Protein chains: 2
Amino acid sequence: MNKPHDIPDWNQMRALLATVQAGSLSGAAKRLGLTQPTLGRQVAALEASLGVTIFERVGRGLVLTEAGAQLVAHLRDMGEAAEKVAMAAAGQSQSIDGVVRVTVSDVYAAHVLPPLLTQLRARAPGLVVEVAAVNSISDLIRREADIAIRHVRPDQDGLIARRCADSAAYIYGAPAYFEREGRPNSAADFARAVFVGAFEGNDIFIAELNRRGVPVGPANFPWATQSGVTGWEWVRQGLCLGAMVDVVARRTPGVEVALPSLEPIPVSTWLVTHRELRTSARIRLVFDVLAEALSRRG
Amino acid sequence: MNKPHDIPDWNQMRALLATVQAGSLSGAAKRLGLTQPTLGRQVAALEASLGVTIFERVGRGLVLTEAGAQLVAHLRDMGEAAEKVAMAAAGQSQSIDGVVRVTVSDVYAAHVLPPLLTQLRARAPGLVVEVAAVNSISDLIRREADIAIRHVRPDQDGLIARRCADSAAYIYGAPAYFEREGRPNSAADFARAVFVGAFEGNDIFIAELNRRGVPVGPANFPWATQSGVTGWEWVRQGLCLGAMVDVVARRTPGVEVALPSLEPIPVSTWLVTHRELRTSARIRLVFDVLAEALSRRG
DNA sequence: GAAGGTTTATACGTTTTTGCATGAACAAGC
DNA sequence: GCTTGTTCATGCAAAAACGTATAAACCTTC
């Protein structure tokens, strides 16, 4: 039947792990950059090689057998080790040339990063900085990015974070808005104001405003957008009001603080990377340049 | 340039680990059942992919760089996990101990299986056989059970079925019943007989009897039970008549064939399992023992 | 009940990978 | 110094793996 000592194919194991983690062959194929028939064949070959039925083909979808589940438990360890290898490799890379991925909110990507990127370009022409302008939190542990700029303190182990200069967020509006809706002279005047909302919800923002005596609720957020840049553009065109970090607003002509006497919302900034990646020359370079620029008050 | 998301090739990692452990590409090739050029290319590709120089080519032999050593540390974990996967797979496919679920009608569970279970106990003391005495058809594809004993031909794809010895069912009654209701001397005498009914309906049974000239209808089935054992007990106590496979009735004292001249109802038996039979030693053992016993006429 | 969106399985042409040769560089032994 | 036995690197033909296209089965939704 089976060959006595068949050398296991690690790519087939990778295929099995990805299939289980993705839940389907198709999903695993997308994840690994392969195709569904390839994944199917690799998993089938692994089943034949190990002599264990791992999946039960039940129409649409695959169902893990008990035997398969036990295998996958060890496969997860294997996958974690593989990620550590990749992580260590990235950290060992002493070449300045290469790719560094940075995740950052789209607003920062659009208004804060450009001068920093030109600065990096001058320091290292062969360096490619991939900016993932995603507003959701990326997982640095899984190396979805090398560096992240965040406004919340990271609490995961294995990550090192540097706190940059704190900044302040104010409520801004365009002249067109104030002409149409009136300029507020007190916190109470915001009661009927219109704000741009975020997809993830505005509860935290509403709480911050309420703490300052601004009587707003969900009804004041009739529109929402995932894109911070879009929301900021709405504000600039006078569609609504919106909060923005002052470093960005200062570079946006045509917006004014709605009520200067209102206490600003403090915004902290952390620069985060993985411990293993600190040893990489190019990641360290990007990290240091970003940290230096973001820590300088201005 | 590197692609943004470079999926690591686990076989290349395996090649690197084997090379380090064997001390040379040639040695690793022999160990993995590959050739030296293949290993060399895989390691070179991994170096290019990770952007790390792992080996210093110094004439004869390779020397690990410091960066490579750090990678290998994690690679050893990966290799250990891989070995555990293979180990678990070997254990899964060869271990006789474990649980095998068998679904079978409760009548068979009560009267046919006991000697077979003791036989299995002798062959494999660590084997646990779960007998699900359910009269409804279980779904083997969804692994509600590993083996099913059925009396209808399975039509689902992906199932492995073996036809066992055919048996015959007769109509039985107890002396108490015959004394009270009279013993039928011809098929027509069953017109006012009382039969035990099944929950799922008696249409097929009625049709079989009618085909033999027995004039019965739903009115002859005043009572019904889901439990075949209960129904058979009713027959034994003289409450009513009932059909039963002769192999069971022969082991039940105190029941007699109601009308020996009546042609018996043929009953076929299939032993059914799913794909995992091919790889699971314990399922195969139970399957073979059941098949051998159920195929022997007696 | 029909339609759309999934899923896995199969067929075939093409790309990639592999193995076999062979060559070059080095170390050890005579 | 030469031989011998290693090592890793390189061409080239064959084999294996891959991707595209397509089919069949299933779940969901309207």
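I looked up Asp166(A) and found it partly exposed, at a relative accessible area of 35%. The cut-offs I used: buried is under 20% relative accessible area, exposed is over 50%, and partly exposed lies in between, with a 1.4 Å probe and protein chains only. This is a predicted model, so local features need pLDDT of at least 70 and side-chain atom pairs count only at pLDDT 80 or more, while totals for chains, interfaces and linings use all residues. Side-chain values use heavy atoms, without hydrogens and water, residues are numbered from 1 along each chain as its sequence is written, and chains are lettered from A and ligands numbered from 1 in the order in which they are written.

I then checked the partner of Asp166(A). Its side chain meets that of Arg163(A) in a salt bridge, 3.3 Å from N to O. The rule is a side-chain nitrogen of Lys or Arg within 4 Å of a carboxyl oxygen of Asp or Glu. Arg163(A) is partly exposed, with a relative accessible area of 44%.

I turned to chain B. Arg163(B) and Asp166(B) form a salt bridge there, with the closest N and O atoms 3.4 Å apart. Asp166(B) is partly exposed at 35%. Arg163(B) counts as partly exposed at 44%. I also noted a network: salt bridges with shared partners join Glu208(A), Arg211(A) and Arg212(A). Over all chains, I have 19 salt bridges on record.

**Entry: Glu208 and Arg211 in chain A**

Helices here are DSSP runs (H or I, at least four residues), numbered from the N terminus. I compared the two ends. Glu208(A) is buried, at 19%. Arg211(A) is exposed, at 61%.

**Entry: helices 1 and 3 of chain B**

I looked up how helix 1 (residues 10-22) and helix 3 (residues 36-50) of chain B meet. Their axes come within 8 Å and cross at roughly 110°. Axes are lines fitted to C-alpha atoms, for helices over the stretch in contact, and angles run from 0 to 180 degrees between N-to-C directions. Helix 1 of chain B is therefore roughly perpendicular to helix 3 of chain B, a label for angles of 65 to 115 degrees.

I listed the contact residues (heavy atoms within 4.5 Å). Helix 1 of chain B contributes residues including Met13(B), Leu16(B) and Thr19(B), and helix 3 of chain B has Leu39(B), Val43(B) and Leu46(B) among its own. By class I found seven nonpolar, four polar and no charged residues. Nonpolar covers Ala, Val, Leu, Ile, Met, Phe, Trp, Tyr, Cys and Pro; charged covers Asp, Glu, Lys and Arg; the others, Gly among them, are polar.

I picked out Gln42(B), in helix 3 of chain B. Gln42(B) is buried, at 18%. Leaving out residues up to four places away in sequence, Gln42(B) touches Asn11(B), Gln12(B) and Ala15(B).

**Entry: helices 1 and 4 of chain A**

Among the contact residues are Trp10(A) and Val20(A) of helix 1 of chain A, and Leu75(A), Arg76(A) and Gly79(A) of helix 4 of chain A. I found eight nonpolar, two polar and one charged residues in this contact.

Conventions. Helices (H or I, at least four residues) and strands (E, at least two) are DSSP runs, numbered from the N terminus. Angles under 35 degrees count as roughly parallel, over 145 as roughly antiparallel, 65 to 115 as roughly perpendicular and the rest as oblique.
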